[in-house]
Amino acid sequence: MVRDVRFHLPLLLGLFVLLCPIWPMLGSHTPSSWFETQHLLKKKLPCNMLMSKINNYKSECKASNTFLHVSFQSVVDVCTLPAIPCKKIKGNICHQSKNPVNVTKCVIRSRTPCTYSDFSKLSKFTVACQHRFNNPHYPLLPFHLD
């Protein structure tokens, strides 16, 4: 009986190691869908409403967040522009929009309860993009607002 456990344990550990890299993707969001949830808006809404959705995922009051008033496809199109160095993450995988867009920045005012101030402006944006499944045969998709 002990011998059977020794045989199956390496197989189970190997399976676990193989699944670890995709474990985060087994949840409800891929990196690009989380980017869309966290940073893209179809219409302007108050920050308190917007951030309650984000905070429900994080189970805490996020200090700030920026929302772009553009479509997901518009951001994917920015990923096709020339790559530049990122400011907040390592690598030359960022891309800057050609034109300014409407942006809403939400900044925390109080943590009990979570309340936010709204700041709107017209600004260019920079996104980090990666190939879907890290495979160059798939298009570049946004995963980080730099």
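Reply: Helices and strands here are DSSP runs, numbered from the N terminus; a helix needs at least four residues and a strand at least two. The model is predicted. On that basis the protein chain has four helices and six strands. Their order from the N terminus is α-α-α-β-α-β-β-β-β-β. The chain has 146 residues, and 32% of them count as buried. Take the contacts between residues at least 6 apart in sequence: 60% of these join residues at least 24 apart.

Now the sulfur links. The structure holds four disulfides. Each is a covalent bond between the sulfur atoms of two cysteines. Count the bonded cysteines along the chain, and the pattern reads 1-6, 2-7, 3-8, 4-5. Three of these links are worth a walk-through.

Start with Cys47 and Cys106. Their disulfide has an S to S distance of 2.0 Å. The torsion about the S-S bond is about -80°, so this link is left-handed. Cys47 sits in helix 3 and Cys106 in strand 3 (residues 101-111), so the bond ties together parts that are 59 residues apart in sequence. Both cysteines are buried.

Next come Cys61 and Cys114. Here the sulfur atoms are 1.7 Å apart. The angle about the S-S bond is -75°, and the link is left-handed. Cys61 lies in the loop between helix 3 and strand 1, while Cys114 belongs to strand 4 (residues 114-123); the two are 53 residues apart. Cys61 has a relative accessibility of 13%, and the cut-off for buried is under 20%, so Cys61 counts as buried. Cys114 has a relative accessible area of 29%, so it is partly exposed.

Then Cys79 and Cys129. Their S to S distance is 2.0 Å. This link is left-handed, with -75° about the S-S bond. Cys79 lies in the loop between helix 4 and strand 2, and Cys129 in strand 5, so the bond ties together parts 50 residues apart in sequence. Cys79 is buried, at 1% relative accessibility. Cys129 is buried too, at 4%.

Strand 2 (residues 94-96) pairs with strand 5 through three bridges, and the two run antiparallel. One of the contact points is Cys94, whose bridge partner in strand 5 is Ala128. Strand 5 also pairs with strand 6, antiparallel again, through five bridges. There, Gln130 has Leu141 of strand 6 as its bridge partner.

The buried residues of helix 2 (residues 31-39) are Ser32, Trp34, Phe35, Thr37, Gln38 and His39.

Technical notes:
Residues numbered from 1 in each chain as written. Predicted model: local features only at pLDDT ≥ 70, side-chain atom pairs only at ≥ 80, totals over all residues. Heavy atoms only, no water. Buried < 20%, exposed > 50% of the residue type's maximum accessible area, 1.4 Å probe, protein only. Contact = heavy atoms within 4.5 Å. Pairing = 2+ DSSP bridges. Disulfide = S-S within 2.5 Å.
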